[in-house]
Amino acid sequence: MVLFPSTSITIAGVLCSSRALQSYAVTIGPVADLVVANAQVSPDGFIKSAVLAGGTLPGPIIAGQKINVTNYLNDETMLTGTSIHWHGLFQSHSHQMDGTAFVTQCPISPGHSFLYKFNAGDQVGTYWYHSHYGVQYCDGLRGALIIYDPQDPYRFMYDIDNESTIITLMDWYHVPSPQVQRQVAPDSVLINGVGIQPYKRYRFRLLNMACKPNYIFSIDNHNLTIIEVDGQYVEPLVVDSIQIYAAQRYSFILETNQPVDNYWVHADPNSGTNSTAILRYAALNETDLHPLYPPPAILLEEDGADVKLNLILGKNETNFNFLINGVQYTSPSVPVLLQLLSGDMTASDLAPNDSVYTLPRNKVIEISWNPDNSPGRPHSFAVIRSAGSSSYNYVNPVMRDTVTTGVAGDYVTIRFITDNPGPWLLHW
């Protein structure tokens, strides 16, 4: 669905319950070359061909905004074109750099390069990048993108925030992504490993870079103080576990104030085999998250939405493809952005038919949907009604860019302002 506004983790105390990858990824940027190529990997002991960024799984941590991507893919059991999406970045005045294949660009073909050059403006926090061509990122092309804040309002609460405190969660499949059926559970859960010292305060950045599962993340005998979600500061919230959905990110502060010992890290997926069973006494509830800085007042007027969209999420029970208002999204042969530049300016003129919604500029848009247990992702929005809640928050709703649609009986409502013109992908 296209929205188009017109005009063994081992740490002096923590041992991961899953097989660990490298201790942490290297960082590249602010200007860098990123090679995308195939390579054999075996993060869980099973050897398979993968799609890697920078030769590693996950890819290098990116701390830059000028990245030249070169495609050397040649394994035809998987997609050989590629694109890179910078998840959570608004791409204000640079929507051609959003990296969504067939929405803002054609895929990069083998042997060719594409220079992504953009300015994140005043955005700071925890983001990630991944292929946005089909389901290619399930084959490995994904990594963290961090924008450090020199004026972090919570800097006094922690001692350490660097490459070693980034935790990535990924699902992993033993067959190429084009062969993975939608209803199939992952073969493995991958967690990168980190190292810490006792009696320190760490800002951990937790990223769910999975294709499907959500995870319940916890560390035995330790509380987690959440300070950021999806690049947005929130009022500190102490929990002992975090349910994190695909594409979501959390920053939490961990104090290593327990006796020096090994403590299990748990990342239990909602599909596949859980590695543990945990008693949780203060789990995260999204309605308990509140922004540190209030959203624009125009978003919080109870009857203030200029446009309301009600989306019905469904599924084709034959091929398991998802439907929005009864329509399956099919990528057009010409990217939507190029269609716009050619002069086709109304939704009825744009392909794919029935999947393009034209929205008025600088208006409040409210979107509501029924559950499908999957996250929906436009850009930053206010979560007016969360999954699992029957109430609407017009006072201090959390701002984020990925939200779960919940389970049977739930109804989720978000609001955002159309102040960033261009074609944007809303998807599940």
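This is a predicted model: local features need pLDDT of at least 70, side-chain atom pairs count only at pLDDT 80 or more; totals for chains, interfaces and linings use all residues.

I call a residue buried when its relative accessible area is under 20%, exposed when over 50%, and partly exposed in between.

**Entry 1, salt bridges**

How many salt bridges does the structure hold? I get 12. I went through some of them one by one.

I started with Asp 139 and Lys 48, whose side chains meet in a salt bridge at 3.6 Å, N to O. The pair links distant parts of the chain, 91 residues apart. Asp 139 sits in the loop between β11 (125-131) and β12 (142-147), while Lys 48 belongs to strand β6 (residues 48-53). Buried or exposed, these two, Asp 139 and Lys 48? Both are buried.

Next I looked at Asp 152 with Arg 203, a salt bridge of 2.8 Å, N to O. Asp 152 is in the loop between β12 and β13 (166-172) and Arg 203 in strand β15 (residues 201-208), so this pair ties together parts 51 residues apart in sequence. I checked the cover on each side. Asp 152 has a relative accessible area of 9%, so I log it as buried. Arg 203 comes out at 2% relative accessibility, so it is buried as well.

Then I turned to Arg 201 and Asp 159, where the closest N and O atoms of the salt bridge are 3.0 Å apart. Again I find distant parts linked: Arg 201 is in strand β15 and Asp 159 in the loop between β12 and β13, 42 residues apart. Arg 201 reads 27% relative accessibility, so it goes down as partly exposed. Asp 159 has 35%, and therefore counts as partly exposed too.

I find 1 disulfide in the structure. It joins Cys 138 to Cys 211, with S to S at 2.1 Å. Why do I call it left-handed? Because the torsion about the S-S bond of Cys 138 and Cys 211 is about -140°. Cys 138 lies in the loop between β11 and β12 and Cys 211 in the loop between β15 and β16 (215-219), so the pair ties together parts 73 residues apart in sequence.

Cys 138 is buried, at 10% relative accessible area. Cys 211 also counts as buried, at 19%; the cut-off is under 20%. I looked up Cys 106 too, and it is partly exposed with 40%.

Where is Asn 214? I place it in the loop between β15 and β16. Leaving aside neighbours within four places in sequence, I list Asn 208, Gln 243, Ile 244, Tyr 245, Asp 268, Pro 269 and Asn 270 as the contacts of Asn 214.

Last stop. Val 334, Leu 338 and Leu 341 form a nonpolar patch on the surface, and together they have about 280 Å² of accessible area. I find Leu 338 in helix α1 (residues 336-341). Its relative accessibility is 39%, so Leu 338 counts as partly exposed.

Notes
Residues are numbered from 1 along each chain as its sequence is written. Side-chain values use heavy atoms; hydrogens and water are left out. Patches are made of residues with over 30% relative accessible area and no salt bridge: like charges are joined within 9 Å, nonpolar side chains (Val, Leu, Ile, Met, Phe, Trp, Tyr) within 5 Å. Accessible areas come from the Shrake-Rupley method with a 1.4 Å probe; for residues, only the protein chains shown count as cover. A salt bridge is a side-chain nitrogen of Lys or Arg within 4 Å of a carboxyl oxygen of Asp or Glu. Helices (H or I, at least four residues) and strands (E, at least two) are DSSP runs, numbered from the N terminus. Buried means under 20% relative accessible area, exposed over 50%, partly exposed in between (1.4 Å probe, protein chains only). A disulfide is a pair of cysteine sulfur atoms within 2.5 Å. Contact means heavy atoms within 4.5 Å.
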